[in-house]
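Hello,

Here is the structure for you to look over. My notes follow below it.

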2 protein chains.
Amino acid sequence: MSNLPERLRERGWRLTAQRRVVAEVLTGDHVHLTADEVHTRASRQLPEIGRATVYNILNDLVALGEIREVSTDDRAKRYDPNAHRPHHHLICTGCGTIRDVHPTADPTTTLPAPARLGFTITTTEITYRGLCPTCTHP
Amino acid sequence: MSNLPERLRERGWRLTAQRRVVAEVLTGDHVHLTADEVHTRASRQLPEIGRATVYNILNDLVALGEIREVSTDDRAKRYDPNAHRPHHHLICTGCGTIRDVHPTADPTTTLPAPARLGFTITTTEITYRGLCPTCTHP
DNA sequence: CTGGCTGCAAAAGATTTGCATAACG
DNA sequence: CGTTATGCAAATCTTTTGCAGCCAG
């Protein structure tokens, strides 16, 4: 698996400093940042980077399938760089922490035909909600 | 299962015209309206109803567990009145239609212990995405 | 009566858009 | 060099808040 900047260049993207920094911020597991958080962190390495630019880059990366939007309960969308290994999310209703879950003993995600209502299903997204270890034992 | 206005009165709610109308708008299966759509429909029956009032009522109903927020890809949250029979959602990536799916042959939603990362899971939410019959056969 | 609702308008938060300038390839 | 991306500010959209008056119980 090649790294992100490399893949982007292959897709004909101009490799700008802004894009490189955003790609760098969006790296790792259990990373689910809001656009604003991405902007803040990117600013530490590239102080002149504009908010709108961050939004542009995030939208482009989503359109390319390189990152995924994660809908939480907050107003702000969060972005998940781990778009290539399909996984689900565990959200703590106490502190808001989001963790990735990689289906090991895969919970059956296939919907039985009669329940499919004629849809052609392409993706299945599972969100587990509950309390994380820290919030469970206060 | 008693109807909504009745249950609300039992919980000490003042039964106002606004609340009755919002409750009425939020009735049925496959209903997933945005706050603005709820306001528009409610206005047809009660022209003076204010947008803020609709938001207040929706938030209260969510807090009481009478309706559920549905996170979609749009900016605006949607509200699902069907909070008592647990179910999942089928979203058409073509036209945005959302349909309820009641787990018949229940897809295993229990996460194996090692994958749980110490969380105490209370709810599982599945979102299937794909094309609805209409968008599949254009 | 009286505290809990409502409506309005203004504020706050998140994201998008328009346009002149900068810089990748 | 010619596009294409950036940065800034203003515009948009969604939701929340503050406050005076109204009404269900």
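The surface near DNA strand C divides into seven nonpolar, five polar and eight charged residues. Ala, Val, Leu, Ile, Met, Phe, Trp, Tyr, Cys and Pro count as nonpolar, Asp, Glu, Lys and Arg as charged, and the others, Gly among them, as polar. This is a predicted model: local features need pLDDT of at least 70 and side-chain atom pairs pLDDT 80 or more, while totals for chains, interfaces and linings use all residues. Residues are numbered from 1 along each chain as its sequence is written, chains are lettered from A and ligands numbered from 1 in the order written, and side-chain values use heavy atoms, without hydrogens and water.

- B:Arg14: a polar side-chain atom lies 2.7 Å from a base nitrogen.
- B:Thr16: a polar side-chain atom lies 2.9 Å from a phosphate oxygen.
- A:Lys77: a backbone N or O atom lies 3.1 Å from a phosphate oxygen.

α4(A) gives the largest share of this surface, four residues. Helices are DSSP runs (H or I, at least four residues), numbered from the N terminus.

Within chain A, α4 (residues 51–63) also meets α2 (residues 17–25): their axes come within 10 Å and cross at roughly 65°. Axes are lines fitted to C-alpha atoms over the stretch in contact, with angles from 0 to 180 degrees between N-to-C directions.

Best wishes

Methods:
Helices (H or I, at least four residues) and strands (E, at least two) are DSSP runs, numbered from the N terminus. A polar contact is a pair of N or O atoms within 3.5 Å; within protein, one must be able to donate a hydrogen and the other to accept it, and residues adjacent in sequence count only if both atoms are side-chain atoms.
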